[in-house]
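Please look through the structure shown below, starting with its aromatic side chains and moving on to the ligand surroundings and the backbone.

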Amino acid sequence: MSTRRSFIKISALGLGGIAAAGGLTRMAMGSSVMDTITKKTPGKEKLLHRTPTYCEICFWQCAGWVYKDDEGKIKKIVGNEDDQHCNGRFCPRGTGGIGQYYDEDRLKTPLIRTTIDGKQTFREASWDEALDLIAKKMKDIAGKYGTESMALFSHGSGGAHFGQLLKAFGSTSIAAPSFAQCRGPREVGFLTTFGDIIYSPERIDIRDTRCLVLIGSHLGENMHNGQVQEMSDAIDRGATIITVDPRFSTAAGKSKHWLPIKPATDMALLLSWIHVLIENEWYDKEYVALHTTGFEQLKEHVKTYTPEWAYGITTIDPNMIVETAREMRDASPAVIINPGRHVTWYGDDTQRLRAVAILTALLGSWGRRGGYYQPEKFHLPSFPVPAFPTPKRQPSQVYEGKYTLANEVVANGICDATIPTGLDKGKYKGWIVNGTNLLAALPDQAKTLKAIEALDLLVVVDTMPIELTGYADVVLPECTYLERYDMIRNSNHRQPNLALRMPATEPKYKSKPAEWIAKELAGKLGLSAWFPWENIEEMLDWQLKKAGTSLDEMKRIGVKNFPRETDDLYFKEGEEVSFNTNSGKIELYSSDMEAAGFAPLPVYTAHEEPPDGFYRLIYGRAPMHTFSRTANNPNLTDLMDENVLWVNPKVAKLWGLESGQPVKLKNQDDVISTFPIKVRVTERIRWDSVYMVHGFGHNNPKLTRAFGRGVSDTELITRVHIDPAMGGTGMRGNFVTFITDINNTEKEAEV
Ligand SMILES: Nc1nc2c(c(=O)[nH]1)N[C@H]1C(S)=C(S)[C@@H](COP(=O)(O)OP(=O)(O)OC[C@H]3O[C@@H](n4cnc5c(=O)[nH]c(N)nc54)[C@H](O)[C@@H]3O)O[C@H]1N2
Ligand SMILES: Nc1nc2c(c(=O)[nH]1)N[C@H]1C(S)=C(S)[C@@H](COP(=O)(O)OP(=O)(O)OC[C@H]3O[C@@H](n4cnc5c(=O)[nH]c(N)nc54)[C@H](O)[C@@H]3O)O[C@H]1N2
Ligand code: SF4
Ligand SMILES: [Mo]
């Protein structure tokens, strides 16, 4: 590991600048990757050109500037000062995004699966040949099974282009792992309570909050930029931070109160907090009377959920439960019970997020300064195209009356429906997978592979040779975000805003942008009417002119903020508000949940405990990596090149484990990790759990820096607890034990 590990920071605008960020960001990082780059070329650099982009290293989508030197080489990426997502500062991953462009392991040319001497292999192909083959197979599938038998899985910017293609083709089965593997339960939990979702960036007013409660949200390791900056400022302002986490996270280290909860018991704590607020009359009575329905039912419902009751379940001291509830009351309405983002944990996640929403309502913080603000988005017209054909089947029909509250397509629902069962030959025959490594993103890899086996066509569009590319019929190399246009970023925020991504340079190798690939493929499928522009610049310019700007202007400024149309960032004092729920009120007692056959008030369900000798597998983020997508990025592997396993000293002693010792892991279903992982003995994790960062343990040898480094949490997540309300894949009900004799297991695994 190089000493540069400590060198990283959310970088300020300008070379080698130091961000004015407060303690949290300073703690998470050192100085910037940029500093390293400058050190390599001391004094020599002349930065002549800059072009706007928005970052694709994670889905916070910070807008920034890409700088090139006088030879046209990309040198650095920095934040755009006008951007509300980043305020001029990029996180370490964004700064290191340049490494994705320079990564020599990138996919370089289209590949087609072929058989030579009875052995399957990939051969290089031209774009024309690869797209012809895909078009032919898609037409075959449409003819035999109907256009609705094609599905798209996508995460990131390419989804818009391939989505347009798929809808034109006649399928609406378009899924992203950011719903049922990520934020779905919170959107449904808040939708059924407030009639509105949280959006991304989240509509939480950390900037002005007086109390921030993080329940399993590890901001500071979760590096969603604007949030981390605002949290850092909030800490400097003296806001109270309360962190509920079985692990002493970075955020816990910055908190006034750390509640080391027994994992899987958060619902008991939430119900008990609701109990304390109501019994002590610490809730916002005026707000509750004016805006909510179902208070009396809620009051009755939580009567027995005392702090003593919750103590027995959560292991959190009852006095601490009361004390933290008092902190919330004192700060209200400027209090945020953070809704989290990756919330698919235990299968009752919509219920847990309903409890978060109810607490939010009791504290009167929805629609109030320092709580939840009302975001606004610019009304950007789409380039006119013909109406899309109506597919014979909607995706929700393939999960047969399940997940009725899902407000987006459920990725695992499509995966399941692809697998033939009995007379059903499988409802999908072709997948296009863009920008999502389904073998890392979806739990239960065996199931994903079973679905893939049943396909007539698997197209993988990616920048890197990942696990999934190995199973593709056709692999299409997308160029990186630094080499392409994409749709205008149009986000919900305090102020409506638009941001432009344009190529800083030509695509390397034979890679191409998703917008080009989708349009070319549309041409081969006879669907050009849905891509009527000459090139994407024409389309973007048309849109931007409708917005009173132009492509030329956006190339110069990168980001444009607009005044709000309505002055309603917060509710006015005593204002009657109409909520988009059945009753028009905030529904503490949810009529939607009830109508769908679910508990209208959140209930506590006990979850399975680890068997003897096993520990709950929990996972999270590292500040310098994003999921599995950065594990081979040369700039970021310099900072962290493998994950480690956090083990409590008590457990380490029991097993004779030492820090740095490699172990393999075996889960409750006898699945053994492909690679070993090094132990990190630390008091910062409870004895009943072990922790690792998600996204490591890659097994595609073409990833020269990531192959075999650490363990993939996903391969150990074989038991999935599905949220019946919206299909979310609860992933934290898996337990692992240690295999210390790692050489022996290798033999065992081979047999
Ligand atoms: N076990 C486990 N599973 C999880 C999670 C977890 O923590 N643990 N987290 C869940 C969450 S919160 C989410 S949001 C999802 C994330 O799921 P994904 O977004 O699928 O995550 P990645 O594993 O990073 O896979 C992204 C893929 O996109 C490719 N890629 C990167 N940039 C581009 C590009 O510009 N164009 C194209 N075409 N491809 C690109 C990368 O090379 C990589 O193969 O995973 C979910 N699944
Ligand atoms: N650096 C970086 N930042 C990212 C990402 C990234 O890949 N890298 N991904 C982004 C995305 S898409 C998402 S969805 C978010 C995810 O980030 P978050 O929504 O903040 O967090 P999670 O991954 O759900 O949760 C991780 C934390 O939950 C704790 N935990 C585990 N089990 C329990 C439990 O039972 N109860 C409680 N209270 N806590 C528990 C873990 O110890 C860990 O600290 O991060 C975003 N930000
Ligand atoms: S938070 Fe970091 S990785 Fe995510 S978009 Fe912003 S700069 Fe990029
Ligand atoms: Mo996510």
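In this predicted model, there are 24 aromatic pairs. A pair of aromatic rings is described by the distance of the centres and the angle of the planes.

Where do Phe-378 and Phe-562 lie in the chain? Phe-378 is in the loop between helix H15 (349-362) and helix H16 (395-398), while Phe-562 is in the loop between strand E18 (559-561) and strand E19 (586-587), so the pair ties together parts that are 184 residues apart in sequence. Phe-378 has a relative accessible area of 18% and is therefore buried, because the limit for that class is under 20%; Phe-562, at 11% relative accessibility, likewise counts as buried.

Aromatic rings also meet charged side chains. The charged end of Arg-50 is placed over the ring of Trp-65, at 3.7 Å from its centre, and Arg-352 lies over the face of Trp-345, where the distance to the ring centre is 3.9 Å.

Which residues are found around ligand 3? They are Cys-55, Ile-57, Cys-58, Trp-60, Gln-61, Cys-62, Phe-90, Cys-91, Arg-93, Gly-94, Met-223 and Asn-225. By type, the residues of this shell around ligand 3 divide into eight nonpolar, three polar and one charged, with Cys counted as nonpolar and Gly as polar.

The peptide bond from Ser-200 to Pro-201 is cis, with omega near -10°, and Pro-201 lies in the loop between helix H7 (177-194) and strand E8 (211-215). The bond joining Ser-332 to Pro-333 is also cis, with omega near 5°, and Pro-333 is found in the loop between helix H14 (318-331) and strand E12 (335-337).

Positive phi values in residues other than glycine deserve a look as well. Glu-400 has a phi near 45° and lies in the loop between H16 and helix H17 (411-418), where, at 58% relative accessibility, Glu-400 counts as exposed. Asp-670, with a positive phi of about 70°, lies in the loop between strand E22 (662-667) and strand E23 (677-681), and at 56% relative accessibility Asp-670 counts as exposed.

Finally, consider a contact across the sequence. Pro-260 lies in the loop between strand E10 (257-259) and helix H10 (266-279) and is partly exposed, with a relative accessible area of 29%. Although Pro-260 and Arg-686 are 426 residues apart in sequence, they are 7.5 Å apart in space, C-alpha to C-alpha.

Key:
Residues are numbered from 1 along each chain as its sequence is written. Chains are lettered from A and ligands numbered from 1 in the order in which they are written. This is a predicted model: local features need pLDDT of at least 70, side-chain atom pairs count only at pLDDT 80 or more; totals for chains, interfaces and linings use all residues. Side-chain values use heavy atoms; hydrogens and water are left out. A residue is near a molecule or strand if one of its heavy atoms lies within 4 Å of it. Rings of Phe, Tyr and Trp (its six-membered ring) pair if their centres lie within 6.5 Å; planes under 30 degrees apart count as stacked, over 60 as edge-to-face and the rest as tilted. Helices (H or I, at least four residues) and strands (E, at least two) are DSSP runs, numbered from the N terminus. Buried means under 20% relative accessible area, exposed over 50%, partly exposed in between (1.4 Å probe, protein chains only). A charge sits over a ring if NZ of Lys or CZ of Arg is within 6 Å of the ring centre and within 35 degrees of the ring normal.
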